[in-house]
Amino acid sequence: MYAPTGGLNPTMTNDEWEQFFSRIGAASDFGDEWLSYSGVKLQIDGGMTLRTAAMRDGYPDDRNYHGTIVIEPNRFNSLVATANRYGWRVGVHAVGDAAIDRVLDAYALADAEKSIKDRRFIVIHGSLMRRDQMERALRLGVRVDAQSSFLWDKAAVVKRYLGQENVDSAFPMRTLIDVMGLDSVAEGTDYPINVLNPFVNIYVMVTRRDKNGDIYGAPEAVTREEAIRLYTSAASRYSFSESLTGSIEPGKLADMVVLSDDILTVGDEALKKITAKRTVVGGKTVFQSAN
């Protein structure tokens, strides 16, 4: 179903969109170590918990209902191509597999005009991404920035709308890493939609448990080291910052955190209780816990 809700998409005409980019005088990655433009965000579908994620095979309770596409396809393709033409990286909110198909289609069309290889275009969320789509994204040089934290307090709702099979395959991090590699995948929270606490999200990635202790899609769990890298060294590649941040090593920014416990050895249930005791930015302590 096509429902032009606007959402995150611009209200300007296609001509106005092109005029904007032709005059802005900047492109992706303009800025400095503190603030820079990473890219342009667009939206293609709704969400799993809203029963509006665009699905290839429809919804379990109504196979004729495929969710919602929020922008007319030709307009979407044009917006992506224009941004690419002027040197802007594009990231698109895409949750359902049918939505991801449309994003990859648009990226392929843009790539035919001006290569997006090594530009790190993004599928934002990629919640229900399938293996064939991961393989296609890899060929296009597209990365996926996911948020497993949706499962923390929303997995039961996703199961109600999309069924057990889909909730078990939601945020398929194990498959994403195996198919695309850590350099092409990262994690975040989508705050304020989900909890901001990164250690809760790491707990979910490692255990696939929600806040009630229920397990969804255990085979998609990742290791602790992988979960940490998804938040740090892998995530830094989103903004081409891997030479500056994402790991603690000579020549990089002195940005780091001291944790309340050893994240690699504590029990699973203790992961989500970890806190920051000290935060260092640019070699200076900017936060120190009183405890």
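Let me begin with strand β7, residues 276-281, which is joined to β8 by 4 bridges, the two running antiparallel; strands here are DSSP runs of E of at least two residues and helices are runs of H or I of at least four, numbered from the N terminus, and two strands pair if DSSP finds at least two bridges between them. Within that pairing, Thr279 has Phe287 of β8 as its bridge partner. This is a predicted model, in which local features need pLDDT of at least 70 and side-chain atom pairs count only at pLDDT 80 or more, while totals for chains, interfaces and linings use all residues. Residues are numbered from 1 along each chain as its sequence is written, and side-chain values use heavy atoms, with hydrogens and water left out.

The two strands belong to an open, antiparallel sheet of 3 strands in the order β6-β7-β8. Because β6 (256-259) and β8 (284-288) stand at the edges with a single partner strand each, one side of each is left without a neighbour in the sheet.

Turning to helix α8, residues 224-231, we find Arg224, Glu226, Ala227 and Leu230 buried, where buried means under 20% relative accessible area with a 1.4 Å probe, protein chains only. These residues cover an arc of only 160° around the axis, which puts them on the same side of α8, the arc being that of the directions from the helix axis to the C-beta atoms. The buried residues of α8 pack against α6 (173-180), β5 (185-187), α7 (198-207) and α9 (268-271), with contact meaning heavy atoms within 4.5 Å.

Finally, for the protein as a whole, 47% of the 291 residues count as buried.

Terms used:
Buried means under 20% relative accessible area, exposed over 50%, partly exposed in between (1.4 Å probe, protein chains only).
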